[in-house]
Amino acid sequence: SPARAGPRQWRRGADTQGNVANYVETEQLLSIDDKDGPLVGAAASYIITRGSIPLLWTQLPNLKYKPTTIIAPAEMNTPVHDSHIQAMVEQYKGVVAVNLVNQHKTEGKLEAAFREQSARFCTSNKPGSKAYRYLAFDFHAECSKQRYHNLSKLWDQVAEEFAAMGFHQWNTQTGKVMKNQNGVMRINCIDCLDRTNVVQGVFARKSLEAVLDTFGLMPASRYGSGPATLPEAYPRVESIFKVLWADHGDMVSTQYAGTGAMKSGFTRTGKRTTGGAIDDGVKAVTRYYLNNYQDGKKQDAIDFLTGSFTPADKLPLGPQPSPMLPMLLSLAAMAVGGYNLGQVLQQGPIAAAASAEAGQGGLLSALLLGGAALSGGSGAAAAAATGGMSSNAGAAFGGAAAGAAAAGSSSLWMQAAASPLVVDLTSASASAAVTLLLRHVALPLLLGLGMLMLVLRFGKHLVNKPQLCPQLAVTVSKDAVKHKQQ
C-alpha cells in the first residue's frame with residue numbers, strides 16, 4: 001500500500017488513520033489449461049495479506065542491532081487499531097489476524113498490546129467486531145531448531161475458519177462466478193517478512209490443494225483417508241510452488257528491508273540447511289548497514305514518488321554526518337589491540353617485550369620499526385624507533401630493511417622485518433612488559449572501545465535520516481508517552 005510506504009524502521013506500525021507499514025495483499029491465481037475437457041476456462045484465486053502491527057509504535061535506527069521500541073499508550077492506540085481492522089473487515093468480510101512475534105521482551109510487549117486491543121474490539125459492539133479474530137503464535141518458540149513441523153499446531157487452530165473463507169472461483173470463458181472468498185488471513189511478525197513468508201506459504205499451499213480437490217484433480221492419499229497433499233500428488237508442481245513463493249517473499253523483502261527474505265531456503269526447499277543459516281547471517285549484516293547508512297535517502301525518494309511530500313521551491317535536503325569513519329577507526333584500533341594481545345598471550349609478556357625491542361613484537365611495533373628503518377636506512381634509525389634494542393640487532397635489522405628497500409621489493413622488506421634476531425630475554429624487564437601491554441594492547445583497545453561507545457551513544461544523530469517527511473517516521477515519541485502517563 002502506498003499509504004505508509006517505506007523501508008523498515010523508518011516505517012513501523014500504523015499512522016493515526018490506521019494505515020500500516022509494509023501492507024501487502026497477495027493473490028495466488030490458478031488457471032487450468034484444458035481446451036476440450038470439462039475444466040475449460042476453470043480458474044481460482046486466493047488472497048492473503050500482511051501488514052505491520054496496527055498500533056502506534058516506532059523503532060528508529062540508532063546504530064543498535066535492535067533499536068529501542070516505543071509503544072503508545074492504549075488510549076492512543078484504540079482508534080488506530082479499530083480503524084485498521086474495520087477497514088479490513090469492510091473490504092474482505094472477515095479477518096483472522098495471526099501474530100507471529102515473540103511473546104517475551106520487546107516483541108512480547110507489542111504482542112500484549114495487540115492482543116489487548118483485539119480482545120477489547122472483539123467484545124465491543126463496533127462494526128466488524130464479530131467478524132474478527134486474533135491469534136498469537138510464537139514462531140521462534142515453536143519452530144526454532146528446525147522444528148518447522150510445529151506449524152501444524154498453527155494450522156489446527158485456523159483450519160476451520162480457513163475452510164469457511166474458501167477461495168474465489170470463476171470461469172474465464174463464460175465469466176460465471178461459482179464462489180467468492182469470504183474473509184482473509186492477516187499475517188504479521190515484526191517486519192512482516194521472514195516468518196510471515198513461511199506461514200503465508202503454508203496457507204497458500206493449503207488453498208492450492210483445496211482448489212485442485214474442488215476441480216477433481218487431487219487423487220486420494222496413499223497414506224491415509226482423504227485427498228493427497230500437493231507434494232504427494234504433484235511433486236513437480238510442488239517444486240514450482242516453492243520457487244514461486246520464495247521469489248515472492250524475496251521481492252517483498254527487498255523493497256522493505258533491502259535484501260531477500262531470511263528463511264527463504266526453507267521456503268524453496270522445505271529444509272533448513274547450514275548454507276541457509278549463513279545466507280541469513282549475510283542478509284542480517286546487510287540489513288543493518290542499509291537501515292543505518294542508506295535508508296534515509298531511500299525513504300525520501302519513496303515519499304517524493306508517492307506524494308507524501310509536496311514539492312516546494314527548494315527541497316529541504318542537506319549533507320548528513322556519517323558514523324562510518326569513526327566506526328571503522330574504532331574497529332581498526334581494537335583489531336590492532338587484539339592482534340597484539342594475541343602475540344602477548346602466545347609468547348608471554350616478557351618474551352613479547354623483548355621481541356618488541358628486537359622489532360618483532362606485534363603489528364604496531366613492526367610498522368613503527370619498518371617506517372624508521374626505511375626512512376633512515378640505517379641500524380641507528382631503527383634502534384631509535386624501537387627505543388631500546390641493542391645496537392648490533394638494530395644495525396642488522398636496519399641494514400636488512402634498507403637493503404630490501406633499495407632493491408625495490410616490499411615483500412623482501414617484510415621478510416627482513418620479520419627475520420629472527422637473537423635477543424637476550426634476560427634484558428627485558430617487567431617494566432618493559434608492562435609498558436608493552438599498556439602501549440600496544442590496552443591503549444588501542446580502550447581507544448577503540450571508547451570511540452565505539454561514543455558512536456553508539458550518539459548513534460541516533462549519525463544515522464542516515466529522511467529529510468522530506470521526517471514526521472511520518474515518528475508516530476509516537478518518548479515525550480508523548482511520558483505526557484500521557486502523567
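Reply: A residue counts as buried when its relative accessible area is under 20%. The model discussed here is predicted.

Me: What pLDDT does the chain average?
Reply: Of the residues, 81% score at least 70. Over residues 360–428, however, the pLDDT is below 50. For the chain, the average pLDDT is 83.

Me: Is W155 buried or exposed?
Reply: The relative accessible area of W155 is 18%. The cut-off for a buried residue is under 20%. Because 18% lies under that cut-off, W155 is buried.

Me: How is the aromatic pair of W155 and F203 classed?
Reply: The ring centres of W155 and F203 are 6.1 Å apart, and the planes stand at 50°. Planes under 30 degrees apart count as stacked and those over 60 as edge-to-face, so this pair falls in the remaining class. The pair of W155 and F203 is tilted.

Me: Which helices does this pair link?
Reply: W155 and F203 are 48 residues apart, and their pair links distant parts of the chain. W155 belongs to residues 151–165 and F203 to residues 194–214. The helices are α4 for W155 and α5 for F203.

Me: Which helix holds both F241 and W245?
Reply: The rings of F241 and W245 form a tilted pair, with centres 6.4 Å apart and planes at 40°. F241 is buried at 5% relative accessibility, and W245 is buried at 6%. The two lie four residues apart, about one turn of the helix, within residues 235–257, which form helix α7.

How values were computed:
Residues numbered from 1 in each chain as written. Predicted model: local features only at pLDDT ≥ 70, side-chain atom pairs only at ≥ 80, totals over all residues. Heavy atoms only, no water. pLDDT = per-residue confidence, 0-100. Contact = heavy atoms within 4.5 Å. Phe/Tyr/Trp six-rings, centres within 6.5 Å; stacked < 30°, edge-to-face > 60°. Buried < 20%, exposed > 50% of the residue type's maximum accessible area, 1.4 Å probe, protein only.
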